[in-house]
Amino acid sequence: MQKRTLLKTAAAVAMLATGSVALAQSAPFKIGLILPMTGQQATTGRQIEAAARLWIAQNGDTVAGRKVQLIVKDDTSVPDVTRRVAQELIVNEKVDVLAGFGITPSALAVAPMATQSKTPLVVMAAATSSITEASPYVVRTSFTLPQAAVAMADWAPKNGIKTVVTLVTDYGPGLDAEKFFKSRFEFNGGKVPETLRVPLRNPDFAPFLQKVRDIKPDALFVFVPSGAGAAVMKQFGERGMDKAGIKLIGTGDVTDDDQLNDMGDVALGVVTSHHYSAYHPSPANKKFVAEFQKANKGLRPNFMAVGGYDGMRVIYEALKKTGGKGGGDALLAGMKGQIFESPRGPVFIDAQTRDVVHNIYLRKVEKKDGQLHNVEFDVLKDVKDPGKTK
Ligand code: DHB
């Protein structure tokens with residue numbers, strides 16, 4: 001009896017051992033991180049790559065016994081390149097997850113490939129509402145423009161702003177920002193005498209700002225993608241728009257933490273609505289910012305970084321739930337419904353829409369300890385994307 005039990009135990013131990021050896025020896029779990037590392041959107045790539053590497057440094061590169069490998073590819077934010085790089089990652093590298101996606105056209109270019117190959121696609125940056133509807137394999141950890149724009153359209157009329165001209169970059173997120181700001185602001189009794197759109201590539205804001213000066217609304221509402229805010233702010237100041245009594249408001253992309261501290265005093269007092277400020281006063285965020293800065297020569301993390309950091313968490317947790325096995329559908333199931341505390345505050349991945357639900361904060365640019373910051377003064381809790389059609 002005793003001998004048999006011993007033998008059984010020995011066999012079980014051996015099986016366990018070979019099992020874990022098999023898992024350790026199995027192919028690494030590959031995350032294909034597609035980002036604009038060069039070109040106009042390069043700061044987005046830099047921020048997200050740094051955040052993903054910080055996540056790995058803090059949480060290790062083995063999940064449930066499986067080695068994790070991060071493969072970073074530069075798509076230069078050109079959708080044809082995104083598509084080619086994604087193809088290589090799926091077919092040659094056999095990645096388990098695709099992630100990143102600095103701009104909406106890049107995410108949309110790859111969505112059909114995610115569906116076809118059953119590869120989860122974690123959108124860490126792009127923010128047009130419809131992206132999650134482009135494939136059932138898309139999961140988003142960034143934000144949506146309707147979430148941010150509606151919050152501003154509710155705040156402005158309560159704060160003396162009755163007429164607003166909108167100025168947005170002419171593509172998905174800009175059109176979402178314009179549509180959701182305008183319709184909500186008008187619903188609230190505001191007037192939008194003009195809607196202006198600037199091209200994504202090499203925008204020249206000067207003629208548009210001149211037009212705004214002539215119309216002289218109470219405020220100018222701006223959406224430009226991460227990286228373009230400083231140029232808008234500079235020209236806004238140079239044209240003396242603030243002195244002419246026109247306020248600058250917008251989604252928080254325009255007072256991007258990546259650039260904010262170098263924008264100068266013209267940025268002081270600018271009110272924006274967004275899901276993340278590096279100045280968010282939670283202990284989790286203070287730790288995130290301190291460790292991010294330590295690992296990146298003092299670079300301040302922006303909302304792109306937090307999308308990347310949270311995206312890594314969503315991937316790690318999903319892999320854990322599969323016991324290290326992975327598999328497209330199992331990973332996707334493990335991503336849906338996750339709830340966790342992000343540096344931005346509480347986050348929920350809506351299982352129905354696969355989109356992020358989080359707080360939207362109203363923030364004002366102020367000088368704190370000699371640095372410009374987006375200082376939060378109000379919060380809308382657990383905001384779902386108002387742009388969803390289903
Ligand atoms: C998108 C890109 C940005 O840099 C941003 O701040 C918001 C949205 C996009 O392309 O979806």
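The following is a dialogue about a predicted model, with each label set against its definition.

Student: Why is D350 called buried?

Tutor: Buried means under 20% relative accessible area. D350 has 6% relative accessibility, so D350 counts as buried.

Student: Where is D350 found?

Tutor: D350 is in the loop between β13 and β14.

Student: What makes the pair D350 and K384 a polar contact?

Tutor: A polar contact needs a pair of N or O atoms within 3.5 Å. The side chains of D350 and K384 are joined at 3.3 Å, and this is listed as a polar contact.

Student: Which residues is D350 in contact with, leaving aside its neighbours within four places in sequence?

Tutor: They are G337, D355, V357 and K384. Contact here means heavy atoms within 4.5 Å. G337 also comes up elsewhere: this residue follows helix α11 and has a positive phi, near 80°.

Student: Which residues of α11 are buried?

Tutor: In α11, residues 328-335, the buried ones are L331, L332, G334 and M335.

Student: How do you know that they line one face of the helix?

Tutor: Seen down the axis of α11, the buried residues fall within an arc of 160°, so they line one face. As background, an α-helix has 3.6 residues a turn, so residues three or four places apart point the same way.

Student: What do the buried residues of α11 pack against?

Tutor: They pack against several elements, including β1 (29-35), α10 (303-321) and β13 (345-349).

Student: What makes β10 and β11 a pair of strands?

Tutor: Two strands pair if there are at least two bridges between them. β10 (residues 247-251) and β11 are joined by 3 bridges and run parallel, so by that rule they pair. In one of the bridges, G250 has T272 of β11 as its partner.

Student: How do you know that β11 also pairs with β14?

Tutor: The count is 4 bridges, against a requirement of at least two, so β11 and β14 (residues 356-368) pair. These two strands run antiparallel, and H274 stands opposite Y361 in β14.

Student: Which way do the residues of β11 point?

Tutor: V271 and S273 point one way, T272 and H274 the other way, and all are buried.

Student: Which residues come nearest to the ligand?

Tutor: Of the 14 residues around the ligand, they are T104, A127, Y171, S226 and D253.

Key:
Residues numbered from 1 in each chain as written. Predicted model: local features only at pLDDT ≥ 70, side-chain atom pairs only at ≥ 80, totals over all residues. Heavy atoms only, no water. Buried < 20%, exposed > 50% of the residue type's maximum accessible area, 1.4 Å probe, protein only. Arc of directions from axis to C-beta. Near = heavy atom within 4 Å. Polar contact = N/O pair within 3.5 Å; in protein donor to acceptor, adjacent residues only side chain to side chain.
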